[in-house]
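Hello,

Here is the structure I promised to pass on to you. Please open it alongside this note, and my findings follow below.

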Amino acid sequence: MSKAEIDMVTAEFFGSFDNRGGKPADVARIRRLALPGAVIVMTGPRFTAYTVDEFIAPREELLGGGRLVEFAEWETSERTEIAGDIASRFGAYRKAGILDGEPFEGGGTKTIQFVRTPQGWRIAAFSWYDEP
C-alpha cells in the first residue's frame, strides 16, 4: 500500500505544474504534498536551494502569467525504496510546453524523499537536475 500511496503523491506533484488546455496550474498544491520545512534544490543549470514558498511563487507566476502555456511534466521511469516510515524515489522525467511563444521540451532527473506522517506520505525534500 505504501508504494501506491507514494505513486499517488508523486503523480499529484507532477500534475501540479500542468496547465494544458487552458486549465490553471495548481502549484500551490505542493504546500499540501510537502512538509512545511521541506528542502527543494535545483542542481543545474544554476544551483539553487528553495523553501517551499520560494519554489512555488515564481512557478505560479510563470505558469499563470501566460509566458509558459500547454506545459506538463511526467515521470518516465522510477525506482522507489521504502524502509518503514521513510522512502526515497529516484526517477527520470520529461517536460514540454510553449515558453514565450516557442515550443520546447526537455527532461532530467528528480529525487524525492518521503516520510509517513499521521496524514499520510509527504515530501520531506526533493532535488532535480535538468539535462543541458
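The largest pocket has a volume of about 500 Å³. Lining it are 21 residues, and those closest to its centre are Arg-59, Leu-62, Lys-95, Trp-128 and Asp-130. Helix H3 (52–64), S3, S4, S5 and S6 each give two or more residues to this lining, and H3 has the largest share, with five. By class, the pocket lining has 15 nonpolar, no polar and six charged residues.

Before going on, please note that this is a predicted model: local features need pLDDT of at least 70 and side-chain atom pairs count only at pLDDT 80 or more, while totals for chains, interfaces and linings use all residues. Residues are numbered from 1 along each chain as its sequence is written, and side-chain values use heavy atoms, with hydrogens and water left out.

A few terms: on a 1 Å grid over the protein atoms alone, a pocket is an open set of points with protein on both sides within 12 Å along at least five of seven lines, a cavity is a set where a 1.4 Å probe fits but cannot get out, and lining residues have an atom within 4 Å of a point. A volume is the space filled by probe spheres set on the points, which are joined across faces, edges and corners. Helices (H or I, at least four residues) and strands (E, at least two) are DSSP runs, numbered from the N terminus. Ala, Val, Leu, Ile, Met, Phe, Trp, Tyr, Cys and Pro count as nonpolar, Asp, Glu, Lys and Arg as charged, and the others, Gly among them, as polar.

Now to helix H1. Its buried residues (under 20% relative accessible area, 1.4 Å probe, protein chains only; exposed is over 50%, partly exposed in between) are Ser-2, Ile-6, Val-9, Thr-10, Phe-13 and Phe-14. They sit on the same side of H1, because they cover an arc of only 135 degrees around the axis, taken from the directions from the helix axis to the C-beta atoms. Met-8 and Ala-11, on the other side of H1, are exposed.

Finally, Pro-45 lies in the loop between strand S1 (34–44) and strand S2 (48–50) and is exposed at 82% relative accessibility.

Best wishes
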